[in-house]
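The report below covers helix packing, a ligand site and some backbone features. Please read it alongside the sequence and the model.

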Amino acid sequence: MKAVVLVAFGCPDSLENIGPFMSKIMGKIPPPPVVAAVRGRYERIGGKSPLTEITQKQAKALKVELGEGYLVDFAYQYWSPEIPEVVSKLVLKGVKVIYFLPMSSFNSSVSTGAYQKTIKSLENRFPTVKFFFSGGLAYEPLFIEAHRDLLQKALKTYSPEDSGIIFTAHSLPKNAIEKGDPYFDEFLTAAKKLGSSFPFPWAYAFQSKGKSQGEWLSPGVEEVIAEFTTKGIKNIVIDPIGFVADHVETLYDLDIELKEKFSDVNIKRLSALNTHPYFIKALKQLVLKLEG
Ligand SMILES: CC1=C(CCC(=O)O)c2cc3nc(cc4[nH]c(cc5[nH]c(cc1n2)c(C)c5CCC(=O)O)c(CCC(=O)O)c4C)C(CCC(=O)O)=C3C
Ligand SMILES: [Fe+2]
């Protein structure tokens with residue numbers, strides 16, 4: 001039997017688990033005031049991330065798209081259900097081949113690099129099972145088409161004279177981008193492909209910079225909005241292309257924090273792809289490619 005596992009970053013399953021979740025990401029216990037600040041963001045979006053619910057829906061939709069013959073599940077790098085426990089469960093069910101799909105738009109050492117390391121470390125434990133890890137979504141035509149579809153609908157009532165597009169991705173510490181990390185290239189390539197196909201001014205920007213010291217990827221989204229407004233742009237469509245599901249980074253950082261900061265600008269934030277039909281078809285393409 002074959003299985004597909006959607007691998008995502010993860011999210012805390014309760015407000016109490018925000019601290020332990022952060023410890024896993026950061027590799028050390030965060031100071032209580034930092035945990036309290038992050039907790040405040042989760043409280044403002046209703047006390048819970050929708051990431052798990054969305055990822056489960058994505059897995060269900062992919063199962064329908066793939067048809068008979070596949071189990072489809074999901075696993076997290078930084079919270080449970082963790083990759084090793086999901087793999088053990090599938091192996092007990094008799095699965096002999098597992099296709100891992102990264103639920104990340106762009107590859108980086110913090111996300112897909114870490115997932116791949118975890119998966120690699122399981123190969124010795126399960127010598128009779130074949131593991132395949134997909135290279136990524138950024139160059140998948142249907143991933144791009146899903147965004148084009150959302151953009152087309154959002155831009156319909158706007159004019160290029162006073163409206164523009166900003167593509168966003170999660171910022172990363174510059175030193176986390178190891179030599180050869182493709183994150184920025186993949187982001188820029190996707191943004192260019194989409195941006196240049198519309199007659200609107202467009203830009204890319206990084207969002208959700210963390211608390212760690214040091215240099216982070218720039219420009220930040222605030223900077224780009226400020227620049228757009230000086231050019232007379234009044235309507236800004238934000239496409240958070242760096243995320244495949246809505247969670248605290250879109251629901252708080254963009255929908256609450258950013259909109260509060262720029263209350264005089266008309267910001268329209270596009271939904272993350274979630275279960276967009278083209279996106280689910282893109283995931284199916286990744287599976288078919290791994291099957292060769
Ligand atoms: C690249 C990337 C993705 C995209 C992955 C992909 O999908 O491709 C992502 C997703 C996510 N990040 C998430 C949550 C958090 N990330 C944090 C901190 C950090 N993330 C980083 C990177 C990323 N993170 C980095 C470099 C740090 C700083 C570490 C440090 O400083 O050493 C912190 C700590 C506080 C803070 O710094 O904000 C939290 C709470 C959630 C869950 C949201 C929810 O529950 O709804 C999700 C999906
Ligand atoms: Fe994060």
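Which residues in α1 meet which residues in α2? Ile18, Gly19, Phe21 and Met22 in α1 meet Val34, Val35, Val38, Arg39 and Tyr42 in α2, where contact means heavy atoms within 4.5 Å. By class, this contact of α1 with α2 has 7 nonpolar, 1 polar and 1 charged residues; Ala, Val, Leu, Ile, Met, Phe, Trp, Tyr, Cys and Pro count as nonpolar, Asp, Glu, Lys and Arg as charged, and the others, Gly among them, as polar.

The model is predicted, with local features needing pLDDT of at least 70 and side-chain atom pairs pLDDT 80 or more, while totals for chains, interfaces and linings use all residues. Residues are numbered from 1 along each chain as its sequence is written, chains are lettered from A and ligands numbered from 1 in the order in which they are written, and side-chain values use heavy atoms, with hydrogens and water left out.

**Helix packing**

Helices (H or I, at least four residues) and strands (E, at least two) are DSSP runs, numbered from the N terminus. Helix α1 spans residues 18-26 and helix α2 residues 32-44; their axes come within 10 Å and cross at roughly 115 degrees. The axes are lines fitted to C-alpha atoms, for helices over the stretch in contact, and angles run from 0 to 180 degrees between N-to-C directions. α1 and α2 are therefore roughly perpendicular to each other, given that angles under 35 degrees count as roughly parallel, over 145 as roughly antiparallel, 65 to 115 as roughly perpendicular and the rest as oblique. The crossing of α1 past α2 is right-handed, a term for a near helix turned clockwise from the far one by less than a right angle, anticlockwise being left-handed.

Helix α6 (residues 141-155) packs with two other helices in this account. With helix α7 (residues 183-195), the axes come within 10 Å and cross at roughly 45 degrees. That makes α6 oblique to α7. The crossing of α6 past α7 is right-handed. On the α6 side the contact uses Ile144, His147, Arg148 and Leu151, and these meet Ala190, Lys193 and Leu194 in α7. The classes in this contact are 4 nonpolar, 1 polar and 2 charged residues.

The axes of α6 and helix α10 (residues 277-291) come within 8 Å and cross at roughly 175 degrees. α6 and α10 are therefore roughly antiparallel to each other. Leu142, Phe143, Glu145, Ala146 and Asp149 of α6 make the contact with Tyr278, Phe279, Lys281, Ala282 and Gln285 of α10. These residues divide into 6 nonpolar, 1 polar and 3 charged.

**Ligand site**

Ligand 1 is surrounded by 26 residues, the closest being Tyr42, Ser49, Ser104, Ser212 and Val248; a residue counts as near if one of its heavy atoms lies within 4 Å. Tyr42 also takes part in the contact of α1 with α2.

| Ligand 1 atom | Side chain | Distance |
|---|---|---|
| oxygen | Tyr42 | 2.6 Å |
| nitrogen | His170 | 3.2 Å |
| nitrogen | Glu249 | 3.0 Å |

**Backbone features**

Ser80 and Pro81 are joined by a cis peptide bond with omega of about 5 degrees. Pro81 lies in the loop between β2 (70-76) and α4 (83-92). Another cis peptide bond, again with omega of about 5 degrees, joins Ser218 and Pro219. Pro219 is in the loop between β6 (202-207) and α8 (221-230). Ser208 is also found in the loop between β6 and α8. Phi of Ser208 is near 60 degrees, a positive value in a residue other than glycine.

Met1 lies in the segment before β1 (2-8). Not counting residues up to four places away in sequence, Met1 touches Leu71, Lys93, Gly94, Val95, Lys96 and Val97. The C-alpha atoms of Met1 and His247 are separated by 32 Å, the two residues being 246 apart along the chain.

Terms used:
Polar contact = N/O pair within 3.5 Å; in protein donor to acceptor, adjacent residues only side chain to side chain.
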